[in-house]
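Visitor: Could you walk me through this one? I'd like to begin with the overall fold and then look at a single residue.

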Amino acid sequence: MPNQNWWTAPTESENGRLILVTGRKDIRKFRDNPRFSIRVEITWPYDGDPAGMPDLPTSTLMDQVQEALQATFDADPVAVLTGIFTGDDQRDWIFYTLSTHIFGRKINETLAPFPLLPIKIYTENDPAWQQYDEMAQAEINID
């Protein structure tokens with residue numbers, strides 16, 4: 001993600017495998033809006049290489065899905081992508097949204113042109129953005 005609004009840092013999974021963490025910096029307008037209090041995690045498990053990273057076809061499809069999701073939420077900002085974790089045989093996209101109902105509808109519309117994807121979606125209330133703050137520690141550790 002070659003953009004000054006994002007940072008990337010390596011970290012390790014609990015079993016010692018590499019995970020690349022990419023975090024968004026320009027989140028203030030979303031974070032300051034108390035309606036963006038729901039954290040959504042989309043997880044895509046895959047059969048990784050020995051290092052736990054996706055192969056090229058999987059990575060390419062993931063990038064296409066991510067671009068489509070970002071375009072959807074850039075056009076209709078009911079959610080913001082705040083973090084991406086890749087490694088240890090899975091990719092996680094982290095969003096904060098103001099409505100799980102609208103978010104779900106937008107996800108279904110966005111992913112309709114793609115083949116059926118092996119994703120799982122988890123939501124939780126996180127009005128203080130605690131999980132974002134924990135992820136942002138990875139950026140601090142690379143400075």
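Guide: Helices (H or I, at least four residues) and strands (E, at least two) are DSSP runs, numbered from the N terminus. On that basis the chain has four helices and six strands, and along the sequence they follow the pattern β-β-α-β-α-β-β-α-β-α. This is a predicted model, in which local features need pLDDT of at least 70 and side-chain atom pairs count only at pLDDT 80 or more, while totals for chains, interfaces and linings use all residues. Residues are numbered from 1 along each chain as its sequence is written, and side-chain values use heavy atoms, with hydrogens and water left out.

Visitor: What share of the residues is buried?

Guide: Of the 143 residues, 44% count as buried, meaning under 20% relative accessible area, with exposed over 50% and partly exposed in between (1.4 Å probe, protein chains only).

Visitor: And how far does the C-alpha trace span?

Guide: Along its principal axes the trace spans about 40 × 40 × 25 Å.

Visitor: Switching to N15, where is its place?

Guide: N15 belongs to the loop between β1 (6–12) and β2 (18–24), and N15 counts as exposed because its relative accessibility is 52%.

Visitor: Which side chain does the N15 side chain join in a polar contact?

Guide: That of S13, at 2.3 Å; a polar contact is a pair of N or O atoms within 3.5 Å, where within protein one must be able to donate a hydrogen and the other to accept it, and residues adjacent in sequence count only if both atoms are side-chain atoms.

Visitor: How far apart are the C-alpha atoms of N15 and D88?

Guide: They are separated by 8.6 Å, although N15 and D88 are 73 residues apart along the chain.
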